Amino acid sequence: MSGVDMSQNALIEVDDLYVNYGKLAVLFDISLKINQSEVVFLVGRNGAGKTTLFRTIAGFLHPKEGEIKLKGESINGMGAYRIARKGVKYIHQDKQVFGDLSVKENLELSSYATGDYNWEPVFAMFPKLKILIDRKAGKLSGGEKQMLLMGMAIIGKPDLVMMDEPTEGLAPHVIQDLAVSFKEISKTTTLFIVEQNLPIIADIADRVYCMKEGKIIVEEGCREDIQNLCFEQYL
Amino acid sequence: MNKRILSILGPVIIIVLMIIFRYIFPNKITFLTEVVIFSIYVMGNNVLMGYLGYTSFGQPFYLSTGAYSAAIYFAYFGGNIFMAMLVAVIVGFLLSLVLAPGLMRLKSSYFTLINAALCAIGVFVFERLLIDITNGNDGLWFRGNMTATPFLDVRYPKNFFFFVLLILLIALYLYQKMDKSALGISMKATKANPEKMTFIGYNVFLIRSIGYSISIMMSALAGALYAINFGFVNPSLGENTRAIEVLLATLIGGVGSVFGPFFGALGFLGMKDIVSSFMSRWEFVVGIITIVVLFKFNRGIWGLIQDGAGLLQSRKKREKTVKVEE
Amino acid sequence: MEIWITAIIYGLATSGILFLVSLALSIGYGLMRVVNMEAMLYYSFGAYVTYTIISVTGSFILGALGGMVVGAGLGLIVETQLLRKIYDRPMMFTMVVTFGVFMIGIGIIQFVWGLEPKPVASPISAIVKIFGGVQIPAYRLLIIVVAIAAYILIQLMMNRTIIGKALRAGIDNRENVEGLGVNINKIFTITFIVASAFAGLGGALNAPLVMVGPYMGFDMLLFAFITVILGGLGSIKGTMVAALILGQVINVGGTLWAPLAFVGPFIVMFFTILIRPTGLFGKEI
């Protein structure tokens, strides 16, 4: 019965997705669902296809077969910027801010795209950004860059924020701060995160998907199992 | 199998084709001679474009360097045609030794444009700087200085045609050897992924420099043959505006193939010959053909020939399988 | 002494033209990593349209405006119909394709205006005396003023408007800008139109100084390339600095020894690239 419920709330639905790079097939028969206000994690080794899946959902790659639905509407083949405007924000790996632009200009860009010029929620969540507002984004530390990217992502009140390895390369205490921010963001927004940091997953995940060699091999939806890291054996 | 037969027979087909043309169109001998010389020039460009992945907008510079080397030899030193060709190739080689250390470090786009600059500098050198030697725009005339060659006096156009055809045959044979050799393979591998080649221990710079050197020497040889054919040389041979001709011929023939350059030269010059007979200016047509070739026939004429052969082959196979099924 | 001051000021005017016509090349590369050889069409069409409008209406200002509009229009067509579709192809492919477009454009010019070069009269024949008696044609000064205005305008656009900020971000990382929800194609198109309009203006301004002929774009192409390569592909500041250097090399160098006016820029570029393969302000790409 719960399955019916879930499909009604589904924010993102991916059905039988196949993706190729040229002639090389990289994703096979991927199906998944992300419901409103869930925190879903995607785990797997390097090269398992996690980033490819994210890029496909965000519209930077187009599927060979299969369908991606956002709130029941197909977004196959839609341009990346249109998907972003529909409320799916994607934060790339490697914390790529626009280094030549100041923090303020970075935020302005996000406001320009979404038409939302209210930065109060951003500063409420990341007070540090207000202090750094005129700093060149290229001069920020890794944690500050990630804050800026998350701040930019939540402008325009998106339905879904996808983050690719947000804690990678950061110091432990910075990661702890970010974990608090994830919880904070998840109160208003659905989150879909690629992550290697198991304690964070154990702490906040509602559901976990494991990928291997271009396929989803396990879906773990039970909080208790997640807390005990039952999926670890598949990594 | 068919593709292999095609590649073994390639040089023979080309030579026979040219001899047939020679007798079908007896008054087109100048044109056919130009096709053969141009083929060698295009083969030189194809080493850069097809094997190394460099596009040069300065090939006319190397061509005119060869032509002027031969012309200066004839005008001031001697009359031996073989010596003139040798001088041109040696000058080309020395030029590549001087330029390769700088040019082979460049990114592809900068290489392209640096070559365009070389072309302009070359015209300046031949037209202005060396005006006392080259007579500037009036051109350097030397036909009277050329001496007869044994067996076949190549000073006559009829004989010269067979002479250049022989050179083309040798060039094609060596080109095919190069294609199959470790050098040819490592050049193509470098084009595909230079970083990986470096990682597995190849000297990418050296591989590129050798290819660049071959390209220049072939262009210089073609230049010398042009000079011998015309009996004079002037700076317009090396102008920037002519850079596109050899690029386009390479593309039309099929980039990176052994026999493509010949078909490119034949196709390009043939087209030019036909179009210019009813249109005085043909930039428009060349532009359109360039775009059509790039978008629709990116493997060129040789690619089409191979596909054709492949088609025949697969039809035969299909017939065979049908028979087996019966 | 007078001869050198004249040369320097003529050099600044040359720099102005070089800057205006090179912008489309530089921006085309910066935005799309396409070496767009057809950029000089905007320049030559700009000059031809100016010629035609002047011969019909007699007004140079109308002519220059017409040149800008036609340059911009061509830029719009080429960017949306061609460049956008090929920007991820290899460099060689895009170079030769855009060169093909350039050839077609030259062919169209030959059909429409014929092969004969056309003279365009200078709109201002006044001579200005500066520095106690050095005579300079006012028209050259006008070119310098217009080019400075164009540079300030483009800097304001890049630094003060949101489109400029999105553009700088897009040059840095195209995908991330799209990921925010910005229609980066639209931004690129707008910028490209501005750059093409400047190239058209360059053609209009240069028309009275040179004969307007089918191959004028070809002649300019080499110098425009030297400008953007010397400055570093994709850098607007670099384009400006390189234009300033080349203007002086052409005019002061040419006064020193006439052939330098043609070959000097090539020599400067040649050695700069050998020492600094990315040009003066270019980034490693």
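Visitor: Hi! In which sense do strand β1 and strand β4 of chain A pair, and over how many bridges?

Guide: Strand β1 (residues 10-21) and strand β4 (residues 65-70) of chain A pair in the antiparallel sense over five bridges. Helices (H or I, at least four residues) and strands (E, at least two) are DSSP runs, numbered from the N terminus, and two strands pair if DSSP finds at least two bridges between them. This is a predicted model, in which local features need pLDDT of at least 70, side-chain atom pairs count only at pLDDT 80 or more, and totals for chains, interfaces and linings use all residues. Residues are numbered from 1 along each chain as its sequence is written, while chains are lettered from A and ligands numbered from 1 in the order in which they are written.

Visitor: Thanks! What is the bridge partner of A:D15 in β4(A)?

Guide: That's A:E67.

Visitor: And what order do the four strands of the open sheet in chain A take?

Guide: The order is β2-β1-β4-β5, with antiparallel pairing. At the edges sit β2 (24-35) and β5 (73-74) of chain A, each pairing on one side only.

Visitor: Switching to confidence: what pLDDT does chain A average?

Guide: The average for chain A is 87, and 96% of its residues score at least 70. pLDDT is the predictor's confidence in each residue, from 0 to 100.

Visitor: Where does pLDDT stay under 50 in chain A?

Guide: Over residues 1-7 of chain A, for which the model has two contacts beyond four places in sequence. A contact here is a pair of residues whose C-beta atoms, placed from the backbone, lie within 7 Å. Where pLDDT is low, the predicted coordinates should not be read in detail.

Visitor: How much of chain A is buried?

Guide: Buried residues make up 42% of the 235 residues in chain A. Buried stands for 20 or more other C-beta atoms within 10 Å of a residue's own, exposed for 12 or fewer, and partly exposed for in between, with C-beta atoms placed from the backbone.

Visitor: Which residues touch the most other members of the largest nonpolar core?

Guide: Of its 278 residues, those are A:M162, B:A70, B:A117, B:L221 and B:A224. Helix α1 (residues 2-32) of chain C gives the most to this core, with 16 residues. Such a core is a set of buried Ala, Val, Leu, Ile, Met, Phe, Trp, Tyr and Cys residues joined through C-beta atoms within 7 Å.

Visitor: What does B:L221 touch?

Guide: Not counting residues up to four places away in sequence, B:L221 touches B:I40, B:G66, B:M85, B:A88 and B:V89.

Visitor: Now the interfaces. How many residues does the contact take from chain B and from chain C?

Guide: The contact takes 32 residues from chain B and 33 residues from chain C. On the chain B side, α5(B) has the largest share, 12 residues.

Visitor: One last topic: which residue takes a positive phi in the hairpin of β1(C) and β2(C)?

Guide: C:F131, with phi near 45°, in a hairpin that has three residues between the strands. Those strands, β1 (residues 127-130) and β2 (residues 134-137) of chain C, pair in the antiparallel sense over four bridges.
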